Amino acid sequence: MTAEDANNLRAAIASLYGMAGSEQQQANHWLNGFSRSLAAWQACLQLLDPSERPEVCFFCANMLLSKVRAEWHKLSSGQQASMGAMISNKFQLFAQYAQAKLAMQRLGLLLAAVASLSGAQACKTFAGQCVGMVSGGERGQYHMSDCALSMLTALGDEINNMDKSRRKELVAATSSHWADIAALAERFIPEHMVAGTYGLVHGALVCLQSWLRLSTDAGTTCRLSPGQLAAQHPAVLTCLFGLLGTSATEPVTAERIEGLACEMLCELLGPGTAGTTPQQERAAVDAAAAALLGLGDIALTPGHVGARVARCVAAVASALAQRDAETICGCAPPATSPTAAGNGRTVSNDSTRASGGQHVLPLAELMLHCIARPEREVCEAAVEYFLMVNTLPSEARHPQMVRPLYASLLQPLVHRHARYPAGFSSWNEEVNDDEEAFHRFRDQSLSELLETVYLMTGPTYLTHLQDTISTADMWQAVEGALYCLKAVACPVKNNLNCSQYHHLQQSNQLVQALLEDLCSPAGKAAAFLGNPYTCATAAGLVGAYAAWFAATTAAPLEGALRLSLHALCFAYSWHAAALAFRALCVRCAAKLCSAAVFHNLAAVAVQAVAPAPQAGQVSLLGPVYYPWQLEKRACWLVCYCVACLLKYVHERRHLHCLLHTVEQPSYQYSYAAEQPCTADGDLLYGLQIDQDKFFRRCTWAGNSCATV
């Protein structure tokens with residue numbers, strides 16, 4: 001390595017940060033090539049000096065970190081020892097300058113990587129030095145404690161990324177320092193919370209989380225089970241629960257600390273590392289449930305702080321339910337069964353058998369209060385708890401944890417979380433919500449919970465939706481109820497197809513009443529179809545129940561078809577409408593085979609796919625049109641669906657009319673039912689396209705639309 005290498009490296013870094021365009025690209029290209037050379041080791045070490053610019057020091061430390069991780073094994077043992085000593089000297093040099101914090105932290109990560117790659121003894125020694133730096137940091141030298149915590153965190157992460165054999169070796173080598181890391185929760189974190197040095201609190205939590213993840217095998221997420229952790233280091237769980245609802249003077253910092261504590265509790269108390277003593281594990285889970293109940297007053301407080309705590313309570317309760325549903329959601333079995341005792345047989349109360357804890361009902365009530373909050377993130381965190389409750393057999397639960405629990409969810413889910421925000425007009429104008437997050441929540445978390453609620457409540461669910469629609473005075477209420485009906489389409493249809501279903505007649509009547517109200521122009525739900533979002537949900541609902549329309553004699557099929565074609569006129573609903581129309585035509589083709597029905601359907605279809613009228617002409621569809629170039633796939637799908645019906649009705653003039661409309665978008669078609677197509681104007685024969693080829697073409701177009 002020559003001085004020229006260091007100068008070139010310094011100049012390239014300056015160009016990378018200070019230039020633009022081609023000069024910056026050239027500098028980046030040179031740096032990428034130089035970083036792979038042997039000269040980069042010494043050049044980076046030479047430029048690691050407090051007198052250099054901060055960006056130069058940071059870049060050189062980062063380049064060395066990349067080289068250590070990728071090329072350390074290429075160095076001889078002597079070179080490794082020499083390089084490790086030089087990096088350590090550089091760290092001690094930068095530690096004398098508090099203003100060089102960024103470069104010093106990066107050098108700390110570099111030392112952690114070197115230690116993890118240098119064997120078990122080097123790893124153990126490095127961990128001991130870092131622990132000493134944390135405990136020895138005095139007031140005014142918090143940057144040393146902060147850097148030591150960062151190095152311990154980095155060491156844990158480096159070990160965690162090792163292969164299984166090396167990981168097991170390094171975890172065993174550093175296990176003697178685990179007690180020192182766990183002790184951070186006993187004194188270090190509480191003291192610095194009181195002192196207001198929240199940066200150190202956050203650093204200590206991240207360090208503790210990294211070391212908690214150091215299990216000897218790669219199959220578990222935590223080195224200790226809840227019972228083992230509560231027995232060996234009880235201060236850890238106590239400290240983490242104490243950080244929920246923290247009152248830090250900086251709201252953003254408080255939220256970060258609280259969120260990290262919640263994440264750690266979910267990892268510790270969720271499914272993962274199994275304990276060896278069932279009683280010990282149940283006691284830890286029960287104690288955690290009691291700690292959550294202690295946060296109930298804060299979780300029910302209106303406002304941002306209450307919402308944060310409620311989300312944490314819901315998330316931790318869900319994690320507990322996933323780990324031990326019997327203790328969190330079940331009920332304790334009696335010591336002796338009366339029936340068995342009458343038969344002369346005694347049922348012993350096996351102490352190892354899982355049974356419900358004393359906090360089951362209070363925790364369920366708290367979770368109902370949490371899900372009743374207006375914040376979506378709280379509801380999303382609580383969903384898993386209610387799903388896990390239902391994994392237990394009904395006889396293993398308290399009576400209040402069966403149907404009554406899920407009936408209590410109808411009000412908050414249908415009237416709040418399933419709806420668009422109040423005052424919503426369009427996603428372009430919405431500033432307090434995100435379209436992707438809204439639909440992800442409804443279509444994943446909420447829909448799964450709604451299915452469970454329906455399966456537990458049956459006709460009560462459908463009656464609640466009917467009452468919601470009948471009393472609605474805003475489109476959000478109707479759209480939300482329609483979505484809730486669409487979300488449970490599969491279990492509803494399964495129940496209606498089962499002759500042994502206890503509520504078969506009542507459920508069939510309720511479904512028919514709901515869909516007739518939607519598909520009838522005089523219905524209450526139909527009155528809100530002018531809203532594009534309601535129209536899109538309604539079209540999706542009709543498509544989801546296509547099999548029911550086919551199987552039910554008195555189903556309002558014609559109204560459903562007209563609804564789906566009407567929805568083609570809206571930009572937001574055309575895709576759902578096209579797929580719904582296809583599902584209805586395919587499922588109900590046998591019902592649409594009469595010439596009169598097909599005649600009316602083809603007429604409406606032509607109107608739906610016809611281009612906008614020219615100036616001065618009157619449209620049959622009203623003033624709303626979707627641009628042709630974007631609508632064409634939907635038009636092809638409509639034509640495909642109607643063409644499928646030609647297997648039952650052999651009237652080529654309808655096929656011709658639809659094909660003519662799609663092929664010539666500028667052509668204004670006037671449907672004349674009594675005038676057959678003439679030979680010279682018949683596009684079907686003029687292009688020599690027979691019916692089978694048209695089917696193949698429309699099938700391709702339909703499949704293309706279905707995958708949009």
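In this predicted model, helices α1 and α2 are oblique to each other, because their axes cross at roughly 140° and an angle counts as roughly antiparallel only when it is over 145 degrees. The two axes come within 8 Å, and the crossing is left-handed. The points below set this pair beside a second pair of helices and then describe other features of the chain.

**Helix packing**

- Two packed helices are described by the angle between their axes and the distance between the axes.
- Helix α1 covers residues 3-18, and helix α2 covers residues 22-34.
- On the α1 side, the contact is made by Asp5, Asn8, Leu9, Ala12, Ile13, Ser15 and Leu16. On the α2 side, Gln24, Ala27, Asn28, Trp30, Leu31 and Phe34 take part.
- A second pair consists of helix α32 (residues 557-567) and helix α33 (residues 574-587), whose axes come within 7 Å and cross at roughly 150°.
- Helices α32 and α33 are therefore roughly antiparallel to each other, since the cut-off for that description is an angle over 145 degrees.
- The crossing of α32 and α33 is left-handed.
- Residues of α32 that meet α33 are Leu557, Ala560, Leu561, Ser564, Leu565 and Ala567. Their partners in α33 are Trp574, Ala577, Ala580, Phe581, Leu584 and Cys585.
- Helix α32 is mostly covered, with 8 of its 11 residues buried. Among the buried residues of α32 are Gly559 and Leu563.

**The chain as a whole**

- The chain contains 38 helices and 0 strands.
- Of the 708 residues in the chain, 51% are buried.
- Where contacts join residues at least 6 apart in sequence, 74% of them link residues at least 24 apart.
- Thr253 and Gly199 provide an example of separation in sequence and in space: they are 54 residues apart along the sequence, and their C-alpha atoms are 8.2 Å apart.
- Thr253 is located in helix α15, which covers residues 251-269. Thr253 counts as buried because its relative accessible area is 15%, and the cut-off for buried is under 20%.

**Salt bridges**

- Side chains of opposite charge can pair when their charged atoms come close.
- The structure contains 13 salt bridges.
- One of them joins Arg187 to Glu191, with the closest N and O atoms 3.4 Å apart. Arg187 counts as exposed because its relative accessibility is 57%, whereas Glu191 is partly exposed at 43%.
- Glu436 and Arg440 form another salt bridge, at 3.9 Å from N to O. Both residues lie in helix α25 (residues 435-457), where they are 4 residues apart, about one turn of the helix.
- An α-helix has 3.6 residues a turn, so residues three or four places apart point the same way.
- Glu436 is exposed, with 58% relative accessibility, while Arg440 is partly exposed, with a relative accessible area of 38%.
- Arg442 and Glu479 are also joined by a salt bridge, and their closest N and O atoms are 3.0 Å apart. This pair links distant parts of the chain, since Arg442 is in helix α25 and Glu479 is in helix α27 (residues 475-487), 37 residues apart.
- Are Arg442 and Glu479 buried or exposed? Both residues are buried.
- A network of salt bridges links Arg213, Glu263 and Glu267.

**Cysteines**

- How many disulfides does a search of the whole structure find? The search finds 0 disulfides.
- Cys262 is in no disulfide, and the nearest cysteine sulfur, that of Cys312, is 3.8 Å away. The two sulfur atoms therefore do not count as a disulfide, because the cut-off requires a pair within 2.5 Å.
- Cys262 counts as buried because its relative accessibility is 3%. Cys222 also counts as buried, at 5% relative accessibility.

Technical notes:
Residues are numbered from 1 along each chain as its sequence is written. This is a predicted model: local features need pLDDT of at least 70, side-chain atom pairs count only at pLDDT 80 or more; totals for chains, interfaces and linings use all residues. Side-chain values use heavy atoms; hydrogens and water are left out. Buried means under 20% relative accessible area, exposed over 50%, partly exposed in between (1.4 Å probe, protein chains only). A salt bridge is a side-chain nitrogen of Lys or Arg within 4 Å of a carboxyl oxygen of Asp or Glu. Helices (H or I, at least four residues) and strands (E, at least two) are DSSP runs, numbered from the N terminus. Axes are lines fitted to C-alpha atoms, for helices over the stretch in contact, and angles run from 0 to 180 degrees between N-to-C directions. Angles under 35 degrees count as roughly parallel, over 145 as roughly antiparallel, 65 to 115 as roughly perpendicular and the rest as oblique. A crossing is left-handed if the near helix is turned anticlockwise from the far one by less than a right angle, and right-handed if clockwise. Contact means heavy atoms within 4.5 Å.
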